[in-house]
Amino acid sequence: MKSWSTPAPPTVPSRPDRLRLHDTATGRTRHPGNDAQRASLYVCGITPYDATHLGHASTYVAFDLLHRYWRAAGLEVAYVQNVTDVDDPLLERAEATGVDWRALAEEQTDLFRADMAALEVLAPDHYVGATEAVGLVVDAVETMLAAGRAYRVPGGDGEPDGDVYFDVRAAQSATDWRLGQVSAMGPDEMAAVFPERGGDPDRPGKRDPLDPLLWRVHREGEPAWDGRSLGSGRPGWHIECSVISRAHLPAPFTVQGGGSDLRFPHHEFSAAHATAVDGLPLAHTYAHTGMVALDGEKMSKSLGNLELVSRLRARGVEPVAVRAAILAHHYRSDWEWSEQVLTDAQARVARWRAALDGPHAAAGVAVLDAVHAALSDDLDAPRALEALDAWAAGTLPGLAEAAADPVPVVDVVAALLGLRLR
C-alpha cells in the first residue's frame, strides 16, 4: 500500500539521544530500549470507514515527535504503520451506505494520507494494509494451532464451524507472556472493556471469555481469502499488527504506539500473538496517547462527536495551527478540542512568525537546546512550545551566545516539532 509524501526534515545540529519515555506496561519513565544507532517504531493505523478526527491526529502527531527526535539525534529509524482495511466496522459502514467496502477503504485511506501530509507527519517506511498481510496471518495462526496455543470453535446458533481463537490460558502456560503485562490492567477492567472494543466474551464454545478471534471463517456476503488449512475466511484484528510488525521490524522493536484505548485488548493480544508464534517479546516499550474530547465526550466515530482534520482544512485553517494546537497538550493527557484551543494556537503561530523577522531569527542553537531538553523528558511538547514563546519574546536563555553560532530557528522548529512556519 502506498504511503504519503512529506518533505525531509531540515538538517540541524545533532543532539544526543537522552529520551525518557513513559512505558505503559511497567508504569516507569525510562529510555525506551533502542541501541545507539537505530530505533524502530510501530504505530497502529486507522480502520478506514470514516475521516481522520482530532483524536487520530493527536496520536499520529505525538509519535511523529518521537520519530523526529530520534532522527535529529542521528539514529536510523524504521517506522511501520498498518491500515485495518477489512474489519467489521468497515463492512458495516459500507453496507449501510451502499458502497463497496474496498472503495470506502481506499477513499478514506486517501483522505487520511492527505491529512497526514498536511500535518507534516513523516511517512512510515512501510504502510501495510491488513488485506496485504493475509498470507502472514495464515502462517501465524497455523503455527499457533500446531503448538496448541489456538483452537477451533464449533458452530451453533447460526455460526459456522471453524472460527479460530487464541487460547489465553495455553499461551500463558507455554510462554513468558502474561495477561495484563502489556496493558497493566486487572481482570475486572479487562472484562469490562473487552466487549466494548471488539471482543466477543459470550461466543459459545470459547475456552475463556477473553480469548480473541484469530481467523473468522467465511460467512455469506463477507469478503474472504484462502486460509489454506484454516479454510476460507478473514483475519481477526490483533493478529494483523503482530505479523506486520514481525515482517518489517526487529523482534522486539523499540516502541509500540497508539491511543490509550488500544492498551487492551489490541496491544495486549498483538504482543501475545507474536510471542506465541516465536517466543520473543513484541516490543521493548508501549506508549499510549490520551483521548481527545469534544462537547464533554471522548471524540469517537461511534458517537459521531468529531472534529475532522479535513473539515478544518476545508474551512481554510492552516494545518500548522492544528498541529500547534495538538502540541500544546502533553501526549499522555486527555484534553478537549474547542474553537478557543484553535484560536490560541493561531495566535501563537502568528507570534512565532513575526519573531522570524526579529533579531533572534538565527538563534537556533538556543531553541534547539531547549526543545531537545523538553522532548527528552517524555516528549514534553507543551514545554517545547513554551521555549518557542520565550524565544519569540526575547527571553529564552542563551540567545546572546547563540548569535556566535547562527542556525535558523525556522529549521529547528520544522525539524524537531514539524511546525513549518515558512
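In this predicted model, Arg169 and Asp208 form a salt bridge, with their closest N and O atoms 3.2 Å apart. Arg169 belongs to helix α5 (residues 168-174), whereas Asp208 sits in the loop between α6 and β8, so the pair ties together parts that are 39 residues apart in sequence. Arg169 is partly exposed, at 49% relative accessibility. Asp208, at 15%, counts as buried.

A salt bridge also joins Arg203 to Asp163. Here the closest N and O atoms are 2.8 Å apart. Arg203 lies in the loop between α6 (187-193) and β8 (213-217), and Asp163 in strand β7 (residues 163-166), so this pair ties together parts that are 40 residues apart in sequence. Both Arg203 and Asp163 are buried.

Asp200 pairs with Lys206 in a salt bridge, the closest N and O atoms being 3.0 Å apart. Asp200 is partly exposed, with a relative accessible area of 26%. Lys206 counts as buried, at 13% relative accessibility. Elsewhere, salt bridges link Asp88, Arg216, Glu222 and Arg234 in a network. The count of salt bridges comes to 30.

Helix packing was examined for α7 and α8. The axes of α7 (residues 238-248) and α8 (residues 263-278) come within 8 Å and cross at roughly 55°. This angle makes α7 oblique to α8. Their crossing is right-handed. On the α7 side, the contact involves His238, Ile239, Cys241, Ser242 and Arg246. These meet Pro265, His266, Phe269, Ser270, His273, Ala274, Thr275 and Asp278 of α8. The residues of this contact comprise 5 nonpolar, 6 polar and 2 charged.

Conventions: Residues are numbered from 1 along each chain as its sequence is written. This is a predicted model: local features need pLDDT of at least 70, side-chain atom pairs count only at pLDDT 80 or more; totals for chains, interfaces and linings use all residues. Side-chain values use heavy atoms; hydrogens and water are left out. Axes are lines fitted to C-alpha atoms, for helices over the stretch in contact, and angles run from 0 to 180 degrees between N-to-C directions. Helices (H or I, at least four residues) and strands (E, at least two) are DSSP runs, numbered from the N terminus. Angles under 35 degrees count as roughly parallel, over 145 as roughly antiparallel, 65 to 115 as roughly perpendicular and the rest as oblique. A crossing is left-handed if the near helix is turned anticlockwise from the far one by less than a right angle, and right-handed if clockwise. Contact means heavy atoms within 4.5 Å. Ala, Val, Leu, Ile, Met, Phe, Trp, Tyr, Cys and Pro count as nonpolar, Asp, Glu, Lys and Arg as charged, and the others, Gly among them, as polar. A salt bridge is a side-chain nitrogen of Lys or Arg within 4 Å of a carboxyl oxygen of Asp or Glu. Buried means under 20% relative accessible area, exposed over 50%, partly exposed in between (1.4 Å probe, protein chains only).
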